[in-house]
Amino acid sequence: THGSEIDNMPPFQTLFFFILLPPKMLASAFSLHKKEFINNLSTVLLHAVLGTAINFLLVGGCLCIAIDYRPEYFHVPSYSTSPAEIFLFSSLISAVEPESVLNIFESVGVSPQLHYLVKGESIINDGVSFVFYSMTDSFTKIEATGDTITSVNIVLGILSFFTISLGGLIIGMLL
């Protein structure tokens, strides 16, 4: 029946991360000039990995503090948002899409080095945000089962960040 086809469709996450996102990232990667990207790889990685990690931690940490210390006179209903859910949100907004900046760069005619620095950072930033999202999503699933997130889970999440990032880098270099 028609209803069973809808029931068998993949969830949104699977659809987005495994069907819609890879062609977008592949098209962006193919539009990079390899020489400019490789010449600026250390700077791109510094901005993409460290910048996204700082953004992820600062936004998530500030939101956790804001939820704990919001004034009562705002009459905002109290929601039981867990830190894992807050950091899941933080992972989603830590990916910066500079498409409008790149369009302005093209119209103004900035140096190719700056253009490919921003474009390369954008591509790697998407991958880093995906890893943060996967990690925090697994934390929210742990909480949903009624378990608590332990320091072992956090250490494994950090290790998975490096494993996935380095594994993706190695596979990309081999291909």
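Where is L174 placed? In this predicted model, L174 lies in helix α8, which covers residues 151-174.

## Overall fold

The chain contains eight helices and zero strands. Along the sequence the pattern reads α-α-α-α-α-α-α-α.

Of its 175 residues, 27% count as buried.

Helix α8 spans residues 151-174. L174 has a relative accessibility of 72%. L174 is therefore classed as exposed, because the cut-off for that class is over 50%.

L174 also belongs to a nonpolar surface patch.

## Packing of α7 against α8

Two packed helices are described by the angle between their axes and the distance between the axes. Helix α7, residues 112-144, packs with α8 at an angle of about 150°. Their axes lie 10 Å apart. The angle makes α7 roughly antiparallel to α8, because values over 145 degrees fall in that class.

The handedness is also assigned. Helix α7 passes α8 in a right-handed crossing.

## Packing of α4 against α7

Helix α7 has another partner in α4, which runs over residues 41-68. The axes of α4 and α7 come within 8 Å. They cross at roughly 40°. Helices α4 and α7 are therefore oblique to each other.

This crossing, between α4 and α7, is right-handed. The crossing of α7 with α8 is right-handed as well.

How many salt bridges does the structure hold? It holds one. The partners are K141 and D137, whose side chains meet at 3.2 Å, N to O.

Both residues sit in helix α7. K141 and D137 are four residues apart, so about one helical turn separates them. K141 is partly exposed, with a relative accessible area of 48%. D137 counts as buried because its relative accessibility is 12%, and the cut-off for burial is under 20%.

## Summary

Notes: Residues numbered from 1 in each chain as written. Predicted model: local features only at pLDDT ≥ 70, side-chain atom pairs only at ≥ 80, totals over all residues. Heavy atoms only, no water. Patch = residues over 30% accessible without salt bridge, like charges linked within 9 Å, V, L, I, M, F, W, Y side chains within 5 Å. Areas by Shrake-Rupley, 256 points an atom, 1.4 Å probe, with all protein chains shown as cover. Salt bridge = Lys/Arg side-chain N within 4 Å of Asp/Glu carboxyl O. Helix = DSSP H or I, 4+ residues; strand = E, 2+ residues; numbered from the N terminus. Buried < 20%, exposed > 50% of the residue type's maximum accessible area, 1.4 Å probe, protein only. Axes fitted to C-alpha atoms, helices over the stretch in contact; angles between N-to-C directions. Parallel < 35°, antiparallel > 145°, perpendicular 65-115°, else oblique. Left-handed = near helix turned anticlockwise from the far one by under 90°.
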